[in-house]
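The following paragraphs are meant to be read alongside the sequence and the three-dimensional view. Please keep both at hand while following the description.

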Amino acid sequence: MATGQLREVVFVDGVRTPFGKAGPAGLYYETRADDLVVKCIRELLRRNPSLAPERIDDVAVAATTQIGDQGLTIGRTAALLAGLPQSVPGFAIDRMCAGALTAVTTTATGIAFGAYDVVIAGGVEHMGHHPMGEGVDPNPRILAEQLVDPSALVMGKTAENLHDRFPHLSKERADAFAAASQAKLAKAYADGKIQPDLVPVATRSSEHGWGLATADEPPRPGTTVGDLATLKTPFRPHGRVTAGNAAGLNDGATACILASAEAARDLGLPARMRLVSYAFAGVEPEYMGVGPVPATDKALARVGLTIDDIGLIEINEAFAVQVLVFLDHYGMADDDPRINPFGGAIGLGHPLAASGVRLITQLARAFENRPDVRYGITTLCVGIGMGATVVWENPAHADAGQVAA
Ligand SMILES: CC(C)(COP(=O)(O)OP(=O)(O)OC[C@H]1O[C@@H](n2cnc3c(N)ncnc32)[C@H](O)[C@@H]1OP(=O)(O)O)[C@@H](O)C(=O)NCCC(=O)NCCS
């Protein structure tokens with residue numbers, strides 16, 4: 001237990017299911033959400049055979065909608081279903097789009113404090129089974145007392161609000177960013193950067209029979225700005241946010257192993273990133289997309305870093321405009337090579353509470369090829385006006401702090 005000294009926390013490994021499109025025609029419509037989590041946990045154990053399952057101290061699984069196949073304290077039930085010993089506890093967690101990221105920061109804090117040595121943290125969202133806002137009953141005071149603007153409750157409308165507030169971040173720029181994101185993702189697939197962290201999932205369909213999901217369903221390689229120019233704007237007549245410059249509605253799960261640096265060393269587990277800092281921030285709910293800016297400022301300031309120290313940025317692309325706000329704030333070009341080098345949620349999809357660990361896993365992959373980069377961040381905007389940022393260090397960098405090899 002706690003000794004008064006914080007311990008180093010390292011990222012060991014991360015996996016995810018291929019992401020599917022939500023809805024009756026999607027890959028996972030007849031697959032349970034908790035089974036997607038189980039596949040991720042099993043895969044982590046398969047890939048890391050030196051980790052005895054009984055050494056896992058907790059399993060944190062995020063889901064935004066915690067009912068049905070995402071209910072029943074999903075971290076605990078998924079752990080049991082994955083065959084972890086009954087002695088391994090688990091819990092459920094929610095911070096909407098930053099659910100998995102919060103599962104990571106919460107359990108990482110437990111590791112730093114000395115309550116845990118090794119944990120599994122991840123997230124799931126089956127938006128086909130659980131559409132956004134399912135079963136919620138917002139307190140009438142939220143709107144009656146104008147605590148938030150009504151648009152704050154519809155994420156696409158918050159993205160339109162960003163276009164209003166920052167008119168120079170035009171639809172043309174959002175579309176150009178989206179097309180480039182699809183192209184980066186297609187290249188990453190062609191270069192084999194995405195596949196190593198995917199766990200194949202058996203799928204079933206009453207119409208088509210059994211199948212095997214081995215690749216993401218949402219990507220639209222070859223998308224051009226011309227293709228995007230004429231798409232409908234579902235959130236506002238003559239708006240700027242479209243299906244092409246937003247993340248879609250998706251199903252998928254993610255999970256990762258975190259450990260104290262000592263436990264990783266003792267168990268022979270790789271330390272692929274070191275946790276440096278994290279922060280969450282609140283912003284005006286109707287402009288939720290700006291959240292990554294104050295969260296990043298806070299996370300960097302806590303450890304005396306600035307954005308100039310950051311060589312790789314995995315930012316969730318809920319909407320292109322919200323990434324442009326981030327880039328604009330820090331004086332970065334729309335095509336800055338530090339941003340999402342393997343593409344992002346516009347192509348891959350964004351199963352809400354799962355996405356944080358997708359970003360983290362992708363950053364660890366990106367670090368592998370870039371020993372010249374010491375620090376990277378993973379960041380997301382979050383519904384009801386929040387931002388979440390985690391700063392990571394690349395152990396391959398010459399100046400990296402002491403972490404287990
Ligand atoms: C934007 C949104 C409403 C679109 O939903 P949808 O209409 O079901 O999306 P679809 O995939 O059917 O795409 C709509 C159309 O755009 C087209 N399209 C989408 N992406 C395209 C691309 N890259 N290139 C060309 N066409 C594209 C589709 O083919 C479809 O065309 P059709 O109407 O002729 O069939 C939905 O994806 C959404 O709500 N996204 C945001 C999710 C969100 O809020 N997440 C939380 C963030 S905080």
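Phe113 belongs to helix α3, which covers residues 99–113. In this predicted model, Phe113 counts as partly exposed because it has 14 C-beta neighbours inside 10 Å, whereas a buried residue requires 20 or more. Between Phe113 and Lys187 the C-alpha to C-alpha distance is 41 Å, with 74 residues separating the two in sequence.

Phe367 lies in helix α12, residues 355–368. Phe367 has 24 C-beta neighbours inside 10 Å and therefore counts as buried. Apart from neighbours within four places in sequence, the contacts of Phe367 are Met273, Leu312, Val373, Gly376, Asn394 and Ala396. The C-alpha atom of Phe367 is also 8.9 Å from that of Glu393, a residue 26 positions away along the chain.

Strand β12 (residues 386–393) runs antiparallel to β9, and eight bridges join the two. Strand β9 also pairs with β1 (residues 9–16), again in the antiparallel sense, over two bridges. Here Val10 stands opposite Arg274 of β9. How much of β9 is buried? Nine of the 10 residues in this strand, which spans residues 273–282, are buried, leaving β9 mostly covered.

The nonpolar interior may be considered next. In soluble globular proteins, nonpolar side chains tend to be buried together. The largest nonpolar core in this model has 130 residues, and the members that touch the most others are Val37, Val61, Val104 and Leu258. Leu258 illustrates such contacts: beyond residues up to four places away in sequence, it touches Val9, Val10, Phe11 and Val12, together with Val104, Thr107, Ala108, Ile111, Val119 and Ala121.

After α2 comes Gly83, which has a positive phi, near 90°.

Attention now turns to the ligand. Which residues are closest to it? They are Met155, Arg220, Thr223, Ala243 and Ala318, from a total of 18 residues that surround the ligand. Two or more residues of this shell come from each of the elements α5 (155–165) and α7 (225–229). By class, the shell contains 10 nonpolar, six polar and two charged residues.

Finally, the chain may be viewed as a whole. It has 12 helices and 12 strands, and 56% of its 405 residues count as buried. Among contacts with a separation of 6 or more, 81% are between residues 24 or more positions apart. The C-alpha atoms fill a box of roughly 60 × 55 × 50 Å along the principal axes. The radius of gyration is 20 Å, which agrees with a compact globule, because a globule of 405 residues would have a value near 22 Å.

Definitions and conventions: Residues are numbered from 1 along each chain as its sequence is written. This is a predicted model: local features need pLDDT of at least 70, side-chain atom pairs count only at pLDDT 80 or more; totals for chains, interfaces and linings use all residues. A residue is near a molecule or strand if its C-beta atom, placed from the backbone, lies within 6 Å of it. Helices (H or I, at least four residues) and strands (E, at least two) are DSSP runs, numbered from the N terminus. Ala, Val, Leu, Ile, Met, Phe, Trp, Tyr, Cys and Pro count as nonpolar, Asp, Glu, Lys and Arg as charged, and the others, Gly among them, as polar. A nonpolar core is a set of buried Ala, Val, Leu, Ile, Met, Phe, Trp, Tyr and Cys residues joined through C-beta atoms within 7 Å. A residue is buried if 20 or more other C-beta atoms lie within 10 Å of its own, exposed if 12 or fewer, and partly exposed in between; C-beta atoms are placed from the backbone. Two residues are in contact if their C-beta atoms, placed from the backbone, lie within 7 Å. Two strands pair if DSSP finds at least two bridges between them. The radius of gyration is taken over C-alpha atoms; the globule rule is 2.2 Å times the number of residues to the power 0.38.
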